[in-house]
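Please look over the protein shown here before reading the briefing.

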Amino acid sequence: KWAVGFVCRSHGSVIPKAAMWAVPSSIFAIAVHALLHFEELGFSTTLATMIGDNLNNSQVWTGYNFLIAFLLTFRTGQAYNRWWEGGTLLQQLRGEWWNV
């Protein structure tokens with residue numbers, strides 16, 4: 001009688017939409033990882049050597065952190081502006097109710 005069937009339900013769930021973005025990104029990340037560590041598996045490739053030699057891990061980490069920080073700052077600013085606009089509209093509504 002606990003009705004836990006809603007857990008397996010896909011109607012109204014964000015999981016299919018999130019999976020559309022997560023699955024291709026995961027496949028791409030796995031492919032890049034396999035390409036960069038191809039030599040460790042006993043294979044030899046010039047592309048993996050070229051990428052590994054020219055791209056330092058600290059450069060990747062710096063670029064990733066910059067991108068995340070930029071996106072986080074931008075999204076937080078947008079959320080704060082929406083919250084502030086909602087509070088302003090709520091105060092206007094409250095003022096109109098009391099001025100009736």
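The points below cover the fold, the surface and the aromatic rings. This is a predicted model, in which local features need pLDDT of at least 70 and side-chain atom pairs count only at pLDDT 80 or more, while totals for chains, interfaces and linings use all residues. Residues are numbered from 1 along each chain as its sequence is written, and side-chain values use heavy atoms, with hydrogens and water left out.

**Fold**
- The protein has three helices and zero strands, where helices (H or I, at least four residues) and strands (E, at least two) are DSSP runs numbered from the N terminus.
- Along the sequence the pattern reads α-α-α.
- Helix H3 spans residues 57-98 and contains phenylalanine 70.

**Surface**
- Of the 100 residues, 2% count as buried (buried is under 20% relative accessible area, exposed over 50%, partly exposed in between, with a 1.4 Å probe and protein chains only).

**Aromatic rings**
- Rings of Phe, Tyr and Trp (its six-membered ring) pair if their centres lie within 6.5 Å; planes under 30 degrees apart are stacked, over 60 edge-to-face and the rest tilted.
- By this rule there are five aromatic pairs.
- One of them is stacked: tyrosine 80 and tryptophan 84, at 6.1 Å centre to centre and 25 degrees between the planes.
- These two residues are four apart in helix H3, so about one helical turn separates tyrosine 80 from tryptophan 84.
- Tryptophan 84 also pairs with tryptophan 83 in a tilted arrangement, 5.8 Å centre to centre with 50 degrees between the planes.
- Tryptophan 83 is exposed at 57% relative accessibility, and tyrosine 80 is partly exposed at 47%.
- Phe66, Phe70 and Phe74 are linked into a cluster by ring pairs.
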